[in-house]
Amino acid sequence: MSDSTGSPDSIDPHEPVINAILTVGPLFKRWAMALVAVVVWAIIAWTWQLYHGLGATHLGRPIYWGLYITNFVFFIGVSHAGTLISAILRIVQAEWRRPITRMAEVITVLVLFFGVGNVLLDLGRPDRALNVVLHPHLRSPLLWDVGSISVYLTASSVYLFIPLIPDIARMRDVTTGWRHRLYARLALGWTGTPKQWHRLERAIGVMAILVIPIAVSVHTVVSWVFAMTIQPMWHSTIFGPYFVVGAIFSGIAAIITAMVIVRKVYGLERYLTEEHFNNLGLLLLVMACLWFYFTFAEYLTTWYGHEPRELAVFNSKISGPFAKFFWTMFACCFVVPFTILANPHTRTIKGTLVASIFVNIGMWLERFTIVVPSLSNPRAPVQTFGYWPSWVEWSLMAGCFAAFALLYMGFTKLFPIISLWELEPMPEAHAPAAARTFQPAEASS
Amino acid sequence: MMPTQRFGMVIDPERCIHCAACLVACKAENAVPDGHSRNRLSEQESGAYPSVRVVMAPSQCMQCDDAPCVRVCPTGASYRDANGVVLINADDCIGCRYCVEACPYGARYFDEESGTVDKCTFCVHRVEQGLEPACVTTCPTKTRVFGNLDDPSSAVARLIASAPTEVRLPEAGTRPKIYYMRGDSR
């Protein structure tokens, strides 16, 4: 245990974090109740859909993929928040990452369930979902998706769990009752011996490297579900990297949003400082520029080529029925975040939060304007229609976001949302030289 | 057991009078649910002013030899049978509709009732009994000719050999087995 400067030895220096786990305030309860209400409503909508079939949606020929698939791509994209960011920053020894990795990794694991969940919502026969395992057809990009997402979910869960072990052991030692039993079981007999530390560091090091190619593959394969068809404006060779860039972009925005909320609610101002938001804001700025580059390259080549089928989709986005979504997306993904983040004066905590919220909205719109306009302008001369989601689809989307928030809140009541052991000096000479900025600022109280 | 054949169809747009009897016959024969149709009548404009023409022709699943729908199906529910007919094993279909989105011809539909995808089967249940597909039998102007493309003596093979034909969206590379007589040849 690190020495607590100026305070009695009995008080844990990380009391704000521990306290956040062990106490449930009225604000938490009110939010939980509201979110549970939304989830219950979504379950009603889901039951309605199970009873009436996908006729409860407004999907129809030829636009059979809509809100659910948009959400699927969006959630899988956001999942790149955690694992990838935390792994990359860990490997390049950007030590300021220490207080934010846990928060990011939890987003990854939780949000993946909702990505997969949206595919299940979208199935005409969800009861037969296991057919992809029982009768797999390896030439189908959807099956590649099943494979890569399963591997990613497993790897990112392990990558979340391993660094949790010392903190779980810490919780085990300060709790009693059911919590003690739970933590004792999850701590896997951690006592903090040098051998255990060595193994832990090794495991984290291996996972951090392993997780990067897996994460890249996941969103690449998600893009291939679209790009492998010859649908106009889906059949693009840059879709893989374009989707990965968008995924990291929306992932960073999701981390920042979560950080601001957790910081405010649990009073973690001395863990999550201006510097963290400044650094992440700069990362977000870089990703905004990359996003612009990819979008520009994708749309310019389509426009210049003037292939009639492609152009029909292009025009529907630029000036047709999808123009309002496309240009809102452009403003949200580039104009607003670039303006805010390129200026050091506005790259504050509030500024990065505003930019992040816009990026999240913009990236959702990007997924929507990739999925729906192509299907609305099919290659064959078939009758089409204007798709707008039904109340069931909107309700299930709201339910997904509410359930995600609930699970995230639940996590903060079970485990330290900040990786405590990583903030403390290593037991031996483990501490890297660059580790200066990770120490929490001096307690003001 | 009949020897393996390669079923295909030739459609002559010049003969089509847009009576929609093929749509009705298909719907009745295959009990196609309300609001859906396995085949359709399309109008395709070609040329530019002043020499414009409208070609009206029936359209349906092209029974592609290299079918994108079969390729993308995650469970193998979509498959080509021994005679090259693209079929769906409804018991394996999970209703993901990837095949619908992958088909460049918009030939498939999703049946909300059953939660699975369906499409033209070339009336295999009739063909097995030596009959022709319902749309072929019912057509009053013999717009459609059905048969074994690999048999040089079949009506389809002879038509393709004797007159210029084309396929829809050849650039899609799907090698469709429904051929259209070219109107510009007459």
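User: Which residue of β3(B) does Arg40(B) stand opposite?

Analyst: This is a predicted model, so local features need pLDDT of at least 70 and side-chain atom pairs count only at pLDDT 80 or more, while totals for chains, interfaces and linings use all residues. Residues are numbered from 1 along each chain as its sequence is written, and chains are lettered from A and ligands numbered from 1 in the order in which they are written. Strands β2 (residues 40-48) and β3 (residues 51-59) of chain B run antiparallel, joined by nine bridges, and strands count as paired if DSSP finds at least two bridges between them. In that pair, the residue across from Arg40(B) is Ser59(B).

User: What is the phi of Arg97(B)?

Analyst: Arg97(B) has its place in the loop between β5 (86-88) and α3 (98-102) of chain B. Most residues other than glycine have a negative phi. Arg97(B) is not a glycine, yet its phi is positive, at about 70°.

User: How many helices and strands are there in chain B?

Analyst: Both are DSSP runs numbered from the N terminus: helices are H or I over at least four residues, and strands are E over at least two. By that count chain B has six helices and ten strands.

User: What radius of gyration does chain B have?

Analyst: The C-alpha atoms of chain B fill a box of roughly 50 × 40 × 30 Å along the principal axes. The radius is taken over C-alpha atoms, and the globule rule is 2.2 Å times the number of residues to the power 0.38. For 186 residues a compact globule would come out near 16 Å, and chain B agrees, with 16 Å.

User: Which strands stand at the edges of the open sheet of four strands in chain B?

Analyst: This open sheet has mixed pairing and the order β8-β1-β10-β9 (chain B). Each edge strand has a single partner, so one side of it is left without a neighbour in the sheet; these strands are β8 (144-148) and β9 (165-166) of chain B.

User: Which helix of chain B packs on the sheet?

Analyst: Start with β1 (residues 7-11) of chain B, which runs antiparallel to β8(B) through five bridges, with Gly8(B) opposite Gly147(B). The helix touches β1, β8, β9 and β10 (178-181) of chain B, and its direction makes about 110° with that of β8(B). Spanning residues 155-162, it is α6 of chain B.

User: Which element gives the most to the side of chain A that touches chain B?

Analyst: Contact (C-beta atoms, placed from the backbone, within 7 Å) involves 30 residues of chain A and 30 residues of chain B. With three residues, the biggest giver is α7(A).

User: Is the crossing of α4(A) and α10(A) left-handed or right-handed?

Analyst: Helices α4 (residues 82-91) and α10 (residues 194-227) of chain A pack at about 135° with axes 9 Å apart; axes are lines fitted to C-alpha atoms over the stretch in contact, and angles run from 0 to 180 degrees between N-to-C directions. That makes α4(A) oblique to α10(A), since under 35 degrees is roughly parallel, over 145 roughly antiparallel, 65 to 115 roughly perpendicular and the rest oblique. A crossing is left-handed if the near helix is turned anticlockwise from the far one by less than a right angle, and right-handed if clockwise. The crossing of these two helices is left-handed.

User: How many nonpolar residues are in the contact of α11(A) with α12(A)?

Analyst: The axes of α11(A) and α12 (residues 274-305) of chain A come within 9 Å and cross at roughly 150°, which makes the helices roughly antiparallel. Among the contact residues are Phe249(A) of α11(A) and Trp291(A) of α12(A). Ala, Val, Leu, Ile, Met, Phe, Trp, Tyr, Cys and Pro count as nonpolar, Asp, Glu, Lys and Arg as charged, and the others, Gly among them, as polar. Here one residue is polar, one is charged, and the nonpolar ones number 17.

Terms used:
Contact = placed C-beta atoms within 7 Å.
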